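Dear colleague,

Please find below the structure that I am handing over to you. My findings follow directly after it.

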Amino acid sequence: MPAKGKHRRPKSRSLTRGIAAAGTGGAVLVLPVLGATAAHAAQAPAAVKPAAAPNTHVVVAGDSLSKIAREHSLSGGWKKLYEDNRSVLGDDPKLIHPGLKLTLGKKNAAEPAKKATASPASVKTAAAPAKKSYSDNLDGWIRESLDIMAQHGIPGTYEGIHRNVMRESSGNPWAINNWDSNAVAGTPSKGLLQVIAPTFEAYHVPGTSTDSYDPVANITAACNYAADRYGSIDNVNGPY
């Protein structure tokens, strides 16, 4: 919004005061003193920040959309990343190739620069706690899942999750069962802990991805289900 103009104060007339000083011989010296005149300067309009260019990521071997979205903490996860780059990736989000250049987020519109306000020296801003990071592999997925499970009171241990993951998918987050009775019924088991869609939706843990192939979302939903039915994923030692 443009700033309102300020009225200038009219110039005040210079004031002259005579200061008389008596000297020898009766001479009188008059010293003029001039009053200063001040005017308010017009306020300059706020500067406009140029629009920030979107970040990019060049695909390398071993990359997946979920991995890239997790590394860059993208809002909307791999699905938003896929939608933003569908013209580059094509119709299958799993088929990404080294060398592809992906756009991370959209360009923001230019906005007026905000005038910095000085803070009192005595006031200190508390630093935000550093976000915990996890490796993008089975070990990191299990550890992140355990932290989320702890927040929601879902029991389970690293050993119990790892043992069942290796039996169900051998650690492949894209694993899918296309031959058993669930598959015949149209709801194949998917992901690290081979969860069917109805079970994933019923036991999905808030705050995790709604994609059943997402490693952390798959683990937490499966452990939530196992806790409800068996008391804990630790009590599962076979098909469940």
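S170 is exposed, at a relative accessible area of 55%, where exposed means over 50%, buried under 20% and partly exposed in between (1.4 Å probe, protein chains only). Its phi is near 60°, a positive value in a residue other than glycine.

This is a predicted model, in which local features need pLDDT of at least 70 and side-chain atom pairs count only at pLDDT 80 or more, while totals for chains, interfaces and linings use all residues. Residues are numbered from 1 along each chain as its sequence is written, and side-chain values use heavy atoms, with hydrogens and water left out.

Q194 also has a positive phi, near 50°, and is not a glycine. Q194 is placed in the loop between α6 and α7 (197-203) and counts as buried, at 13% relative accessibility.

As to the overall composition, the protein has eight helices and four strands. From the N terminus on, the order of elements is β-β-β-α-α-α-β-α-α-α-α-α. Of the 240 residues, 30% are buried.

Strand β3 (residues 55-58) and β4 run antiparallel and are joined by four bridges; two strands pair if DSSP finds at least two bridges between them. N55 has L104 as its bridge partner in β4. Strand β4 (residues 101-104) shows a covered face, made up of L102 and L104, and an uncovered face with K101 and T103.

Among the helices, α4 (residues 138-151) packs against α8 (residues 215-230) at an angle of about 50°, and their axes are 9 Å apart. Axes here are lines fitted to C-alpha atoms, for helices over the stretch in contact, and angles run from 0 to 180 degrees between N-to-C directions. α4 is therefore oblique to α8, since angles under 35 degrees count as roughly parallel, over 145 as roughly antiparallel, 65 to 115 as roughly perpendicular and the rest as oblique. Residues in contact (heavy atoms within 4.5 Å) include W141 and I148 of α4 and V216 and I219 of α8.

Finally, S232 is found in the segment after α8 and counts as buried, at 7% relative accessibility. Leaving aside neighbours within four places in sequence, S232 is in contact with P155, G156, A226 and A227.

With kind regards

Conventions:
Helices (H or I, at least four residues) and strands (E, at least two) are DSSP runs, numbered from the N terminus.
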